[in-house]
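This report covers aromatic pairs, salt bridges and helix packing. Please look over the structure before reading on.

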Amino acid sequence: MRGTPYPTLGELLRRARATVAARPGALRLRAVGTSRAGRPLWLLSAGHGPRHILTVAGAHANEPVGGVTSLSLAERFAREPALLQESGCTWNFLLCLDPDGASLAGRWLTGRSGERPPGEGLPGEGLPGEGLPGEGPAAEASPTLRGYYRRFYRPAFAAQPEFPPVASDPRPVMPESEALVRLIDELRPVVQFSLHGVEVGGSFLQLTRAVPGAAAAYRRIAADLGIPLEHRPFDGMGWLAESPGVLVLPDSSPTEERDPSGFTSQATWLYAMRHGTVSAVVEAPFWSVAGVSDPRPVAEPRREVAEASEILLGRAKQLEAVVGELGPRSPETPEEIAHFTAARELMDIGPGVVDTWNSAELATTVGNSVSLGVAARRIPLRAAAMMRQALGGAPALDTLVETWARELASTFDARWVPVADQTELQIRTMLALARALV
């Protein structure tokens with residue numbers, strides 16, 4: 001069967017309800033808030049212990065893996081209640097923190113991977129089987145990067161509910177953020193997991209406090225599944241690299257996060273620290289790149305950074321020119337405005353990103369250089385993908401997205417990671433950390 005095995009938001013909820021109905025004593029489902037558009041935020045709970053574990057899925061609209069992971073682990077607890085009884089914990093799963101964003105990003109879930117609606121084909125495209133790895137008949141069950149990006153959506157930084165603004169920011173706190181903060185205060189969890197997905201690259205783990213044995217366990221899990229670890233992830237560049245793929249928050253780290261757009265927030269996984277909670281951000285790649293784990297040193301790191309910066313700024317300028325040639329067009333529907341706002345932000349952050357790259361010790365290893373090259377291509381590709389949808393699928397933007405997606409896949413030999421492996425990585429990591437902390 002072609003297409004992605006990720007469930008849509010509606011399918012995820014239907015499956016959760018069916019599981020609760022089948023095992024009413026083992027699982028419970030309740031709404032803990034509503035989104036800006038009035039969609040419920042659903043919490044699925046397993047077990048009855050006095051201590052709590054919280055898993056947050058769907059914090060980023062373009063990352064559906066966390067919902068699948070959460071439901072899979074909850075179903076396992078329903079089948080094997082002894083797993084939780086031994087720990088004396090209740091395990092709570094927030095199935096999707098941003099259902100409004102997921103409703104926009106989820107359109108790629110309902111399309112067939114690599115296929116376009118009628119009339120969207122590009123001239124000069126090769127025949128089936130002539131494409132990139134993972135796009136031929138032998139792997140036709142695997143989604144493709146071009147299919148993913150053609151329906152891509154990720155909100156602007158200030159519209160991501162895991163990152164509410166600091167108190168001095170005049171913007172109101174999103175109701176999704178308020179609901180999560182209330183939930184953290186209610187549960188006071190021993191550990192909070194935030195499940196994320198990386199489009200292209202490797203896996204990594206961020207911890208707000210060092211957990212003995214966590215790094216070694218995480219490396220074993222990734223190795224067992226054949227998933228590469230980011231040698232030095234860019235996320236949390238101020239965090240300590242405890243080992244390849246594992247970052248730990250320094251004791252002196254500020255409680256605020258500043259993204260490339262200049263938006264400053266207090267991440268909800270930092271907020272939870274007031275309750276003694278250890279937060280763990282678990283990233284699973286959708287398409288893996290083996291090169292990100294290469295530890296060999298790079299001869300000239302500054303040259304690597306300069307080349308990546310040139311790609312990022314050059315493609316941002318190219319996208320700007322294409323948009324300018326389209327003439328004055330304005331997004332009209334709320335969906336188009338959301339895509340346009342997020343795209344415009346990404347088109348403007350290039351200089352800030354480059355300044356950050358130049359101020360840090362980056363590209364010191366081959367793996368780090370590969371990760372930098374992926375990021376330099378991913379940012380403008382995301383922007384082009386969302387601008388294409390904001391401006392009605394203009395052919396020039398269509399071509400840009402197609403070309404850049406193909407180039408990203410071929411340059412780094414990106415390989416689809418089966419969803420079963422993505423979820424297994426997150427499940428095993430959560431269970432290992434829970435055993436160490438509870």
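The structure holds 14 aromatic pairs. Rings of Phe, Tyr and Trp (its six-membered ring) count as a pair if their centres lie within 6.5 Å; planes under 30 degrees apart are stacked, over 60 edge-to-face, and the rest tilted. Trp-239 and Trp-269 form an edge-to-face pair, with 5.7 Å from centre to centre and 65 degrees between the planes. This pair links distant parts of the chain, 30 residues apart. Trp-239 sits in the loop between helix H8 (214-225) and strand E7 (240-243), and Trp-269 in helix H9 (residues 268-271). Helices (H or I, at least four residues) and strands (E, at least two) are DSSP runs, numbered from the N terminus. Both Trp-239 and Trp-269 are buried. Buried means under 20% relative accessible area, exposed over 50%, and partly exposed in between (1.4 Å probe, protein chains only). One aromatic cluster is formed by Tyr-6, Tyr-148, Tyr-149, Phe-152, Phe-286, Trp-287 and Trp-416.

This is a predicted model: local features need pLDDT of at least 70, side-chain atom pairs count only at pLDDT 80 or more, and totals for chains, interfaces and linings use all residues. Residues are numbered from 1 along each chain as its sequence is written, and side-chain values use heavy atoms, with hydrogens and water left out.

Next come the charged pairs. Side chains of opposite charge can pair when their charged atoms come close. A salt bridge here is a side-chain nitrogen of Lys or Arg within 4 Å of a carboxyl oxygen of Asp or Glu. By this rule the count comes to 22 salt bridges. The table lists some of them.

| Glu-75 | Arg-15 | 2.9 Å |

Glu-75 forms a salt bridge with Arg-15. Glu-75 lies in helix H2 (residues 65-79) and Arg-15 in helix H1 (residues 9-22), so the pair ties together parts 60 residues apart in sequence. Glu-75 is buried at 15% relative accessibility, whereas Arg-15 is partly exposed at 33%.

Asp-98 is buried, at 1% relative accessibility. Arg-36 is partly exposed, at 43%.

Asp-100 counts as buried at 11% relative accessibility, and Arg-39 as partly exposed at 33%. Salt bridges that share partners join Arg-36, Asp-98 and Glu-176 into one network.

How do two helices pack? The axes of helix H13 (residues 366-390) and helix H14 (residues 395-411) come within 9 Å and cross at roughly 155 degrees. That makes H13 roughly antiparallel to H14 (angles over 145 degrees). Residues making the contact (heavy atoms within 4.5 Å) include Val-374 and Leu-381 of H13, and Leu-397 and Trp-404 of H14.

Ala-376 is also found in helix H13. Ala-376 is buried, with a relative accessible area of 0%. Leaving aside neighbours within four places in sequence, Ala-376 is in contact with Ala-308, Ile-311, Leu-312 and Trp-357.

Technical notes
Axes fitted to C-alpha atoms, helices over the stretch in contact; angles between N-to-C directions. Parallel < 35°, antiparallel > 145°, perpendicular 65-115°, else oblique.
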